[in-house]
Amino acid sequence: MEKQPGVLTRNPHTVNTWKAQELYYLRMQRIKEKMERGKTEENQYESKRKLKVCVATCNRADYSKLAPIMFGLKNQPEEFELEVVVLGSHLIDDYGNTFRMIEQDEFDIGSKLHTIVRGEDEAAMVESVGLALVKLPDVLQRLHPDILIVHGDRFDALALATAAALMNIRILHLEGGEVSGTIDDSIRHAISKLAHYHACCTRMAEQHLIAMCEDHSRILLAGCPSYDKLLSSQRRDDFMDIIKSWLGDKVKDRDYIVALQHPVTTDIQHSIKIYGLMLDALISFNKTTLILFPNIDAGSKEMVRVMRKKGIEQHPNFRAVKHIPFEQFIQLVCHAGCMIGNSSCGVREAGAFGTPVINLGTRQTGRETGENVLHVRDADTHNKIYHALELQFGKRYPDSKIYGDGNAVPRILKFLGSIDLEEPLQKTFCFPPVKDPISQDIDHILETQSALAVDLGGTNLRVAIVCMRGNIVKKYTEPNPKTFEDRMCLILKMCKDAMQDAVNFNCRLLGVGISTGGRVNPQEGIVLHSTKLIQEWCSVDLRTPISDTLGLPVWVDNDGNCAALAERKFGHGRGVENFVTVITGTGIGGGIIHNYELIHGSTFCAAELGHIKVSLEGPECSCGSQGCIEAFASGMALQREAKRLHDEDQLKEEGMDMKLAEPITAAHLIRAAGNGNSKANAVLQKASMALGVGIVNILHIVNPSLVILSGVLASYYQAPVQHVITERALVSAQSIKVVKSELEEPALLGAASMVLDYATRRTY
C-alpha cells in the first residue's frame with residue numbers, strides 16, 4: 001500500500017499492542033480497587049471484633065476483686081471474649097482448693113497452672129515465680145489475648161505481668177498505686193511499671209501512679225471491684241444463718257471477732273511474734289473468734305505452728321478455717337464486733353460496714369484507711385493489743401467509701417472498650433507531686449491527741465495543753481479574778497490562746513476538762529456550791545458557755561475527784577481496782593475509785609474527805625461545823641495555829657525568836673517543829689492524828705487497797721498517817737499502804753483525763 005503524503009497511518013501490530021496495554025491497566029485498576037475495598041472491610045471488621053480479655057487469678061483474695069469484672073465481661077459477649085487462667089494457691093488442697101468456687105460461679109477455666117513450690121519460705125516464693133514463668137508462655141501464646149488483667153501485689157501476679165510484658169500483651173493492673181509498707185509494695189509497683197493500663201481504687205493511688213511516671217490518660221480511678229458486690233449484698237436477711245453456720249448457734253450479732261493475720265516476708269520473725277501476741281490477747285479477751293489460716297507467703301508455716309501450739313483449733317472460743325466464700329465472709333465481717341490482723345480486707349472492705357478494725361504490724365503501713373482502723377505497729381507483750389481490743393470491740397463507725405462506691409465494674413468495662421489496639425505499647429512519663437497518707441495510729445494518738453485542762457484554784461486560774469501520755473505541753477497561769485464575769489472572760493481567753501498554740505504544737509484537742517473546788521454536778525457540768533476561796537461561784541453552768549464558744553465538748557468535776565482520776569490514768573492508781581486519793585493542801589479533799597470507777601454519790605458529795613468528823617469538839621471548819629479533818633490538818637488550819645503561836649511569841653527555832661516580816665504559813669510551823677519547837681510539834685502531831693484517824697475511817701468504810709496522799713503536805717503526812725493506820729486500823733486493814741503522789745499537777749492531769757478517757761471511748 002502506498003503511503004500518501006501528509007497522512008498518518010497505523011501499523012496493525014502497534015494498534016493491537018496499545019489495546020492490550022489499555023486492557024491490562026483497566027484490569028489492574030479494578031484489582032487495586034477491589035483490594036482497597038477488601039482492606040476497608042477488613043479494617044471495619046477489625047474495629048468491630050470482640051476484645052479478647054484474659055483474667056488470671058492466683059488466690060482467694062484476688063478472685064474476690066476479679067470475679068465482679070469477670071461477671072461483667074461474661075454478661076457482654078457481643079463486646080468481650082473472656083478467657084480464665086487459674087494458678088497459684090487456688091490449686092492447693094491446704095488452702096481450700098479454691099478454684100472450685102470459680103467453677104461454681106460457672107466460669108470456664110481455660111488453663112490451670114500448678115505454679116507453687118511448697119516450703120513457705122523465701123526460696124520457695126522465688127522458685128514459684130520461676131516455675132510460673134516457665135509455664136505461662138505456652139498458655140499466653142495459645143490464648144493470644146488482647147489484654148491481660150492482673151490484680152494486686154502477689155508474687156504470682158508479678159510472674160504474670162513479666163511474661164505478658166515480654167510477649168507484648170497489654171496489661172491492665174488493678175489496685176496499683178497503693179502503699180502498704182512491705183515487700184508487697186515493691187511487687188505492686190513493679191507490676192505497675194510493667195502494666196500498660198491501670199484501674200486504681202482511690203484518688204491517692206491515682207496520684208501515686210502519676211508520680212511513678214505513668215501516663216495519666218491510661219489511669220482509671222474506678223474504685224474497688226469487690227465493693228460492687230459488697231455494697232449490694234451487705235444487708236442480707238439471712239446473715240445470722242451465715243454467722244451461726246460458722247460460729248455456732250450461741251453467737252450474737254456484733255459479739256464475735258474475725259482474725260486474719262498474714263506473714264510479712266521482709267520481717268518473718270517479727271510477724272510471727274506479733275501473731276503469737278495477737279493470739280494471747282484474743283485468748284485473754286475471751287470472745288468468740290473466727291480465725292482464718294494465713295496465706296501461702298514465707299512464714300505462714302511457722303504461724304500455723306504457733307496457732308497449733310497454743311491449741312487454737314481445739315479452743316472453745318475459736319473456729320479456725322482455711323477458706324470462706326467471699327459472699328459469706330463479708331457478712332461475717334459486716335456483723336463482727338471487731339476485726340483484727342493485717343489483712344487488706346480490714347483496711348479496705350471492713351470500712352464499708354463501719355466495722356472496728358485493729359491492724360497489727362507493718363503489712364498495711366501507709367495504706368489509706370477510714371476512722372474505723374486503729375494501728376498497733378509493734379508490741380512487746382499482748383497488753384497493747386488487749387488494750388486496742390478494749391478500745392475497738394463493739395464500737396460502730398460511719399461507713400467509709402474510700403475504696404469505692406459500688407460502680408467500679410461498669411467503669412472498668414467502659415475503659416476496656418475504649419482501648420485502641422492500634423495505639424503503641426510504649427509508655428510516656430511525667431512527674432507530678434504526691435501527698436502522704438494520713439491514718440489513725442495508736443502511737444500517733446498517744447503523741448498528738450490532747451486535752452485542754454483548766455484548774456480553778458482559790459488563788460490562780462491555770463490552763464494547760466495535756467497530751468495522751470500525760471505530758472504538759474504548755475501551761476498558762478493567771479490570778480483568779482474575784483467576779484464571775486471577769487473569771488469567765490479570762491477562762492475563755494486563756495483557752496483560745498491555748499487552742500492557737502495547740503495548732504503550732506501539732507496537738508489535736510479532743511475537749512476541755514475543768515477542775516474546780518466545791519460540789520459539782522459532772523453530768524450537767526454545773527458548779528452547785530463552791531468553797532469560800534472562790535467567790536461568786538455557785539449554781540454556775542460551766543459546760544454550756546465554754547462549749548458553745550470553743551466548739552469543743554466540756555467536762556467538769558470537783559478538784560478532789562480530778563486528783564483521783566489523775567492517779568488512775570497517770571499515777572500510782574494505774575491498774576488498781578480500789579484506791580483513795582487524799583489531797584492535803586489549803587483544804588482537805590479527795591476522791592474514791594471503786595471497781596475502777598469514780599464514786600460521785602447520789603447528790604455529788606461523795607469523797608468529801610475533809611469533812612469527816614474526827615472529834616465532837618474542836619476548831620470550827622470552813623463548812624460551818626466543828627471537828628472535821630480539814631479543821632485540824634489542812635494548810636489553813638496549820639497556818640492558823642502557826643499564827644497563834646507566833647502571836648504568843650512561842651514560834652521559835654533553837655531558842656531564837658521568829659520575828660518574821662513575811663506572812664506566817666504552815667511551812668514555818670513544820671520548820672519550827674523540825675528544829676525542836678515542842679509547841680509546833682504538838683500541833684503537827686494532833687493534825688497527823690486527826691488525818692490518820694479520818695483515813696482509818698475511810699479504810700473501814702470502802703476498804704481500798706491503796707491510799708495516795710497528794711498536795712503540798714503529802715510528804716510530811718505520809719509516815720505519821722501510815723503509823724496511825726498500823727496502830728488504830730482493824731487487822732485486815734493495817735497492811736494497806738500509804739504512798740505519796742508523784743504527779744506534779746494532779747488537778748490539771750485529772751481534768752485532762754476526763755477528756756482523754758471520754759473522747760477515746762473509754763468508760764469514765
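Modeller: Two strands pair if DSSP finds at least two bridges between them. Helices (H or I, at least four residues) and strands (E, at least two) are DSSP runs, numbered from the N terminus. This is a predicted model, in which local features need pLDDT of at least 70 and side-chain atom pairs count only at pLDDT 80 or more, while totals for chains, interfaces and linings use all residues. Residues are numbered from 1 along each chain as its sequence is written, and side-chain values use heavy atoms, with hydrogens and water left out.

Biologist: What makes strand β5 and strand β6 a pair?

Modeller: Three bridges join β5 (residues 170–174) to β6 (residues 197–200), and a pair needs at least two. The two strands run parallel. Leu-174 has Ala-199 in β6 as its bridge partner.

Biologist: To which sheet do they belong, and which strands stand at its edges?

Modeller: They belong to an open sheet of seven strands, ordered β3-β2-β1-β4-β5-β6-β7, with parallel pairing. The edges are β3 (109–113) and β7 (219–221); each has a single partner strand, so one side of each lacks a neighbour in the sheet. On average, neighbouring strands here are turned by 20° against each other, direction ignored.

Biologist: Which helices lie on this sheet?

Modeller: Among them is helix α2 (residues 60–74), which lies across β1 (51–57), β2 (80–87), β4 (147–151) and β5, at about 160° to β1. Another is helix α6 (residues 183–194), which touches β4, β5 and β6 and makes about 145° with the direction of β5.

Biologist: Why is α8 called oblique to α12?

Modeller: Helix α8 (residues 225–233) and helix α12 (residues 326–334) pack at about 60°, with axes 10 Å apart. Angles under 35 degrees count as roughly parallel, over 145 as roughly antiparallel, 65 to 115 as roughly perpendicular and the rest as oblique. Therefore α8 is oblique to α12. The crossing is right-handed. Ser-226, Lys-229, Leu-230 and Ser-233 of α8 meet Phe-326, Glu-327, Ile-330 and Gln-331 of α12 (contact means heavy atoms within 4.5 Å).

Biologist: Why does α9 receive the label roughly perpendicular to α12?

Modeller: Helix α9 (residues 239–247) and α12 pack at about 95°, with axes 9 Å apart. That angle makes α9 roughly perpendicular to α12. The residues in contact are Phe-239, Ile-242, Ile-243, Trp-246 and Leu-247 in α9 and Gln-328, Gln-331 and Leu-332 in α12.

Biologist: How do you know that β22 and β23 pair, and in which sense?

Modeller: Strand β22 (residues 579–584) and strand β23 (residues 588–594) are paired over six bridges, in the antiparallel sense. In β23, Gly-589 is the bridge partner of Ile-583. Both strands belong to an open sheet of five, in the order β24-β23-β22-β27-β28, with mixed pairing. Here β24 (597–598) and β28 are the edge strands; each has a single partner strand, so one side of each has no neighbour in the sheet. Helix α19 (residues 559–570) lies across β22, β23, β24 and β27 (706–710), at about 125° to β22.

Biologist: Where in the chain is confidence lowest, and where is it highest?

Modeller: The term used is pLDDT, the predictor's confidence in each residue, from 0 to 100. The chain averages 86, and 89% of the residues score at least 70. Strand β26 (residues 656–657) has the lowest mean, 50, and strand β28 (residues 737–740) the highest, 96.

Terms used:
Axes are lines fitted to C-alpha atoms, for helices over the stretch in contact, and angles run from 0 to 180 degrees between N-to-C directions. A crossing is left-handed if the near helix is turned anticlockwise from the far one by less than a right angle, and right-handed if clockwise.
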